Amino acid sequence: MRVLVTGGAGFIGSNFVHQTVRERPEVRVTVLDALTYAGDRESLAPVADKVTLVEGSITDAALVDSLVADSDLVVHFAAESHNDNSLNDPSPFVQTNLIGTFTLLEAVRKHGVRFHHISTDEVYGDLELDDPAKFTPDTPYNPSSPYSSTKAGSDLLVRAWVRSFGVQATISNCSNNYGPYQHIEKFIPRQITNLIDGVRPKLYGAGENVRDWIHVEDHNSAVWAIIERGRIGETYLIGADGEKNNLEVVETLLEIFGLAKDDFEHVKDRPGHDLRYAIDATKLRDELGWTPKYTDFESGLRATVDWYKANEAWWRPAKQATEAKYAAQGQ
Ligand code: NAD
Ligand code: DAU
């Protein structure tokens, strides 16, 4: 099977490539990645001899067409993925998340290639803290940020290409991932690398916002379950019942580093900050028999801390510029 993985040099995409090479030797993997600030060739170094990396953009129609023509399946991770960046400059989000997805859809339509679209729970907006409800595939779309609205738009393009053109596609909407190779602009690796540097963790606002954490390996095993057993045209929500507020996450990290629970600082809140995400993954579990492996968040977090300690050469080059950007916005 020839699989084209877009965004395979990013966080979740590179973990997907590692998992695929490890568990599915019959799969031939080609990665298409623009190697933006968020993509890193080094994230694929351990599998470099087993994977072809093509540096290019998913908005390049001629390149996309030639790669899709030579594939049996496209797994589409490539995106601009950080909410804070989308608030500063939405333009690349519109280009990559909307135009890039459109470009891929036209190619899979032309060549009759199976497509799996990776999306986010943020398309559903947010929930109240005291609301017993969770997101389901029937929750109406209500995105808040330029990032989540372009992801919502890309999902709707996929649905339309399935219905209007018979494209063989599935969609998954996952909650917040953590694990190795996550860019240090994101919450958990930012705090881990701050703590390694002896800097106090930075909590937006009061830290009451809730995210539904899932280990990246569990996200990717669910993606394979959907590719292999999911129904065409369907949307599957991926989550592992990992709700935690940001304060709890920071406190757990401080404990792992042997520091006092209150050894962090509050910084400026994110404008339009979504309050709570929570996934009901019943459809994925019941229909496809998927279950997560990483059910103990604290031990998953400890392993992630160990990975960042052992792989400083991977993240160090980005640290200064990332923190300078946050400092300029009071965060
Ligand atoms: P990331 O920012 O770490 O990686 C994105 C990758 O896409 C990078 O390698 C980047 O170079 C590449 N890319 C960006 N623009 C491109 C373009 N025009 N052409 C080709 N490649 C391009 O993102 P991530 O956290 O790994 O997220 C991957 C996907 O999963 C995204 O679609 C995101 O919306 C979705 N998602 C992420 C999470 C999460 O918690 N991180 C949760 C749910 C869904
Ligand atoms: O829900 C899935 C989404 O999760 C994905 O679609 C996105 O691509 C991914 O980036 C993530 O979005 P969030 O905005 O939830 O993730 P982020 O890591 O930026 O922030 C997580 C929470 O932590 C959020 O409530 C903001 C807060 N935060 C973040 C940073 C960077 C802090 O309190 N301090 C920080 O320094």
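Colleague: How far apart do the C-alpha centres of domain 1 and domain 2 lie?

Modeller: Please keep in mind that this is a predicted model. The chain is divided into domain 1 (2-177 + 213-238) and domain 2 (184-211 + 244-268 + 276-322), and their C-alpha centres lie 22 Å apart. The contact between them draws on 41 residues from domain 1 and 26 residues from domain 2.

Colleague: How much area do domain 1 and domain 2 bury between them?

Modeller: Buried area is what two parts lose on being put together, summed over both. Here the two domains bury about 2,900 Å², with 58% of it on carbon and sulfur atoms. On the side of domain 1, L129, W213 and D218 supply 25% of the area buried against domain 2, more than any other three residues.

Colleague: Why does ligand 2 lie between the domains?

Modeller: Both domain 1 and domain 2 give residues to the shell around ligand 2, so the ligand lies between them. In total, 25 residues surround ligand 2, and the closest are D121, Y147, R211, R270 and H273. By class, this shell has 7 nonpolar, 10 polar and 8 charged residues.

Colleague: Which side chains place a polar atom 2.7 Å from an oxygen atom of ligand 2?

Modeller: For polar contacts, one looks at pairs of N or O atoms within 3.5 Å. T120 has a polar side-chain atom 2.7 Å from an oxygen atom of ligand 2, and R211 likewise has one at 2.7 Å from a ligand oxygen. For Y147, the distance from a polar side-chain atom to an oxygen atom of ligand 2 is 2.6 Å. Taken alone, ligand 2 exposes 690 Å², of which the protein buries 94%. The elements that give two or more residues to its shell are α6 (187-196) and β8 (202-204).

Colleague: How many residues surround ligand 1, and which are the closest?

Modeller: There are 28 residues around ligand 1, the closest being I12, D33, S81, Y147 and K151. Its shell comprises 13 nonpolar, 13 polar and 2 charged residues. At least two residues each come from α1 (11-23), β5 (114-120) and α5 (146-165), and β5 gives the most, with 3 residues.

Colleague: Which residue has a side-chain N or O atom 2.6 Å from an oxygen atom of ligand 1?

Modeller: That residue is K151. Nitrogen atoms of ligand 1 also take part: one is 3.1 Å from a polar backbone atom of A34, and a polar side-chain atom of S57 lies 3.1 Å from a ligand nitrogen. The protein covers 96% of the 840 Å² of accessible area that ligand 1 has on its own.

How values were computed:
Residues numbered from 1 in each chain as written. Chains lettered and ligands numbered in written order. Predicted model: local features only at pLDDT ≥ 70, side-chain atom pairs only at ≥ 80, totals over all residues. Heavy atoms only, no water. Near = heavy atom within 4 Å. Polar contact = N/O pair within 3.5 Å; in protein donor to acceptor, adjacent residues only side chain to side chain. Areas by Shrake-Rupley, 256 points an atom, 1.4 Å probe, with all protein chains shown as cover. Helix = DSSP H or I, 4+ residues; strand = E, 2+ residues; numbered from the N terminus. Nonpolar A, V, L, I, M, F, W, Y, C, P; charged D, E, K, R; others polar. Domains from an automatic or database assignment. Contact = heavy atoms within 4.5 Å. Buried area = accessible area lost by both parts, 1.4 Å probe.
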